[in-house]
Amino acid sequence: MKLTVANLVAALIFGLFATPPAAQAQTDRTYRIGIVRLPTAEGQSYFETFRAAMRDLGYLEGSNLILDLRIPDLDMRQVPALVDELIALKPDVLVGNEKTAQVMRAKTPSIPIVLTNALDPVRAGLAQSVRRPGMNVTGSAQLNDLLPAKHIDIMREILPRLARIGQLVDTTQSGCKVVEEVARQAARSVGAVLVPYYVENRAEIERAFSQMEKERPDVLLPCPSAVLFNHRELLFENAVRLRIPFTSFVVANVPKGVLFAYAASVHEMYRRAATYVDKILKGATPGDLPIEQPMRFELVINMNTSRALGITIPPSVLLRADR
């Protein structure tokens, strides 16, 4: 057929407005995300942050996105069974914290896994390195090695005679071992002793506080873990009863009776998790995506707790507080 000007114009117009078959298939696809969240009000809030971030990236539930949500019990014992349920649904991506990601990784070396937060993904066996994970896991790591030491430095400013630092260590979370090691060295550097209390469920937390009642540590530094976070009301109740000031790696805990928290924003890490999911759905390989660490941390002080405990916060600490 002879190519005329009219035919050429028609071809160009068709080319501009027609959708290529591959692109159309990409648009029409519905993605499935399996997520395990904490069984708390804060866990629901973090999930809503993730959901909103996915929506902002163009993923709409009921249109091109299915979010399969599972919520374990407070001691996280149901995680393996819930992960099995999610894998059976053949998700495109799985999402969870360090503890749940370890279970996910053990059950599937192929489905991409995005960390909402982690203590040390390398020591947890979830990545070969932070810069290049090399496996099917990527996402955000909440802590760096200096954070437990920072807590102890701040507490030493508040309590110059600090001598015994109690620490609740969740034995089910490998990252807590890192926190214990760093905290032990930091305690030694300020002339204090770290006294660990090893726990993995509610009953052991209660026994730990019975022991603290006899030993009377000057402060309490709980390891950041899902189990301890889920049982935080028990921690608050007993620490207040024993009048032991304690710190937190989660800013959301401060209104509950913690003396101060120094931590990154968990909500921000859930927003970042959505961007990782987006990259993976668009073809990125998890093992090639560097694991992020937060660059900004907040210091939040609970003045009600300080007054209740009769503790004066030095001006040097107050001036550094974000709120």
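The model is a predicted one. The chain holds 13 helices and 11 strands, and of its 323 residues, 52% are buried. Welcome in, and have the structure open as you read.

**Overall build**

- Taken along the principal axes, the box filled by the C-alpha atoms is roughly 95 × 45 × 35 Å.
- Among contacts between residues at least 6 apart in sequence, 70% join residues at least 24 apart.

**Helix α7**

- Helix α7 covers residues 175-189, which makes 15 residues.
- From first C-alpha to last, α7 reaches 22 Å, close to the 21 Å expected at 1.5 Å a residue.
- The buried residues of α7 are G175, C176, V178, V179, E180, V182, A183, A186 and A187.
- After α7 comes G191, with a positive phi near 80°.

**Helix α11**

- Helix α11 has 16 residues, and its span from first C-alpha to last is 23 Å, close to the 22 Å expected at 1.5 Å a residue.
- At its N-terminal end, α11 is capped by S265, which places a side-chain oxygen 3.5 Å from the backbone nitrogen of H267.
- Buried residues of α11 include V266, M269, Y270, A273 and A274; further along, T275, Y276, V277, D278, I280 and L281 are buried too.
- G283 follows α11 and has a positive phi, near 115°.

**Strand β9: T247 and S248**

- T247 lies in strand β9, residues 247-248, and S248 has its place in that strand too.
- T247 is buried because its relative accessible area is 4%, under the 20% cut-off.
- The side chain of T247 makes a polar contact of 3.0 Å with the side chain of H151.
- Leaving out residues up to four places away in sequence, T247 touches H151, M155, L220, L221, P222, V258 and F260.
- S248 also counts as buried, at 5% relative accessibility.
- A polar atom of the S248 side chain lies 2.9 Å from the backbone nitrogen of V250.
- S248 and L221 are 27 residues apart along the chain, yet their C-alpha atoms are separated by 6.9 Å.

- As background, most residues other than glycine have a negative phi.
- R216 is not a glycine, but its phi is positive at about 50°.
- R216 sits in the loop between α8 (202-215) and β8 (219-220), and counts as partly exposed at 39% relative accessibility.
- R243 likewise is not a glycine and has a positive phi, about 55°.
- The loop that holds R243 runs between α10 (232-242) and β9, and R243 counts as partly exposed at 49% relative accessibility.

**Cavities**

- The whole structure contains four cavities of 30 Å³ or more.
- The largest cavity has about 220 Å³ of space.
- Its lining has 17 residues, of which L38, N117, Q142, S225 and A226 are the closest to the centre of the largest cavity.
- At least two lining residues of the largest cavity come from each of α5 (98-107), α9 (226-230) and α11 (266-281).
- The classes in this lining of the largest cavity are 10 nonpolar, five polar and two charged residues.

**Largest pocket**

- The largest pocket holds about 200 Å³ of space.
- Residues lining the largest pocket include S140, A264, S265, E268, M269 and R272, as well as E292, Q293, P294, M295, R296 and E298.
- Helix α11 provides the largest share of the lining of the largest pocket, with three residues.
- By class, the lining of the largest pocket divides into four nonpolar, three polar and five charged residues.

Terms used
Residues numbered from 1 in each chain as written. Heavy atoms only, no water. 1 Å grid on protein atoms, 1.4 Å probe; cavity = no way out; pocket = protein on both sides within 12 Å on 5 of 7 lines; lining within 4 Å. Points joined across faces, edges and corners; volume = space filled by probe spheres on them. Helix = DSSP H or I, 4+ residues; strand = E, 2+ residues; numbered from the N terminus. Nonpolar A, V, L, I, M, F, W, Y, C, P; charged D, E, K, R; others polar. Buried < 20%, exposed > 50% of the residue type's maximum accessible area, 1.4 Å probe, protein only. Polar contact = N/O pair within 3.5 Å; in protein donor to acceptor, adjacent residues only side chain to side chain. Contact = heavy atoms within 4.5 Å. Expected span 1.5 Å × (residues − 1).
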